[in-house]
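Subject: Structure handover

Hello,

Here is the structure you will be working with, followed by notes on what was found in it. Please keep the model open while you read.

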Amino acid sequence: MTTTPTDDPADSPGTPRAAGAHCAGVPDAPAAVGTPGTAVGAAELADAMTRAIKRIRRQTGRRLEPYGITPGQARALRTLAHVPGCETPDHAMRLSDLADKLHIAPRSATTVVDALEEAGLVERSPDPADRRAVRILLTEAGRAAVERIGQVRDEVAQEYFGEVSPADEEVLLGVLRSAEARFLAAGPPRRSASPDAGR
């Protein structure tokens, strides 16, 4: 089941750092983005994205706790809800396809679905086209949960990006989509050769 990443204490606001204290060979925190005379590298951009994702996921997880929904279950529900006709046996997603979409093992997907079924958010149904397969149907309660999840995600995103202008949001989204498209078009990255190779 998907777990919520935890923040690095050193990344948390208000965490004191002794003057000059840093790990050997690791520089202190980079200058803020947009500081005159500084250049932002790809690694710094990746670090900033990682921090943002951690904080957003962690806060989203906290907001979902009162509803008894874990981040992993929320991902599964949202994935199921994106299938047109997700509440009918003919169109609902197969368990195996859900595992593929979530990039988890079928056994892990079964565990997630077991918990969702116990909570009354999904139902299992035999696949009309293949009785050996199982399709996962969203229940009425499951659709209501998906709406709550969407509201929580919107609230957390608004809080995190609240001070960012719409124009900057559009630029950032465009940059990320462009980088993702180029990454996918390039295919799987090649592994670097082992330092011991050729010895």
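I begin with a meeting of two helices. R75, A76, T79 and L80 in α2 meet L98, K101 and L102 in α3, where contact means heavy atoms within 4.5 Å. Helices here are DSSP runs of H or I with at least four residues, strands are runs of E with at least two, and both are numbered from the N terminus.

Before going further, note that this is a predicted model, in which local features need pLDDT of at least 70 and side-chain atom pairs count only at pLDDT 80 or more, while totals for chains, interfaces and linings use all residues. Residues are numbered from 1 along each chain as its sequence is written, and side-chain values use heavy atoms, with hydrogens and water left out.

Two packed helices are described by the angle between their axes and the distance between the axes. For α2 and helix α3 (residues 95–102), the axes come within 10 Å and cross at roughly 115°. The axes are lines fitted to C-alpha atoms, for helices over the stretch in contact, and the angles run from 0 to 180 degrees between N-to-C directions. The crossing of α2 past α3 is right-handed. A crossing is called right-handed if the near helix is turned clockwise from the far one by less than a right angle, and left-handed if anticlockwise.

Is T79 buried or exposed? T79 has a relative accessible area of 17%, so it counts as buried. Buried means under 20% relative accessible area, exposed means over 50%, and partly exposed is in between (1.4 Å probe, protein chains only). T79 sits in helix α2 (residues 71–81). Leaving aside neighbours within four places in sequence, T79 touches M93, L98, K101 and L102.

Now the whole chain. The protein chain has six helices and three strands, and along the sequence they follow the pattern α-α-β-α-α-β-β-α-α. Of its 199 residues, 21% are buried. Among contacts between residues at least 6 apart in sequence, 57% join residues at least 24 apart. The chain exposes about 13900 Å², and carbon and sulfur atoms supply 55% of that area. Accessible areas come from the Shrake-Rupley method with a 1.4 Å probe; for residues, only the protein chains shown count as cover.

V146 and A81 are 65 residues apart in sequence, with their C-alpha atoms 7.4 Å apart in space. When neighbours within four places in sequence are left aside, the contacts of V146 are L77, A81 and L138.

Next, the salt bridges. Side chains of opposite charge can pair when their charged atoms come close. How many salt bridges does the structure hold? The count is seven, a salt bridge being a side-chain nitrogen of Lys or Arg within 4 Å of a carboxyl oxygen of Asp or Glu.

One of them joins E155 and R63, with the closest N and O atoms 3.4 Å apart. This pair links distant parts of the chain, since E155 is in helix α5 and R63 is in helix α1, 92 residues apart. E155 is partly exposed at 40% relative accessible area, and R63 is partly exposed at 24%.

R124 forms a salt bridge with D114 (2.7 Å, N to O). Here R124 lies in strand β2 (residues 122–127) and D114 in helix α4 (residues 106–118), ten residues apart. R124 also meets E117 in a salt bridge (2.4 Å, N to O). The relative accessible area is 28% for R124, 38% for D114 and 32% for E117, so each counts as partly exposed. Salt bridges that share partners also join R63, E155 and E159 into one network.

Last, the surface. L45, M49, I53, L172 and L176 form a nonpolar patch with about 380 Å² of accessible area together. Patches are made of residues with over 30% relative accessible area and no salt bridge; like charges are joined within 9 Å, and nonpolar side chains (Val, Leu, Ile, Met, Phe, Trp, Tyr) within 5 Å. Both α1 (42–64) and α6 (166–186) supply at least two residues of the patch, and the largest share, three residues, comes from α1. I53 lies in helix α1 and is partly exposed, with a relative accessible area of 39%.

Regards
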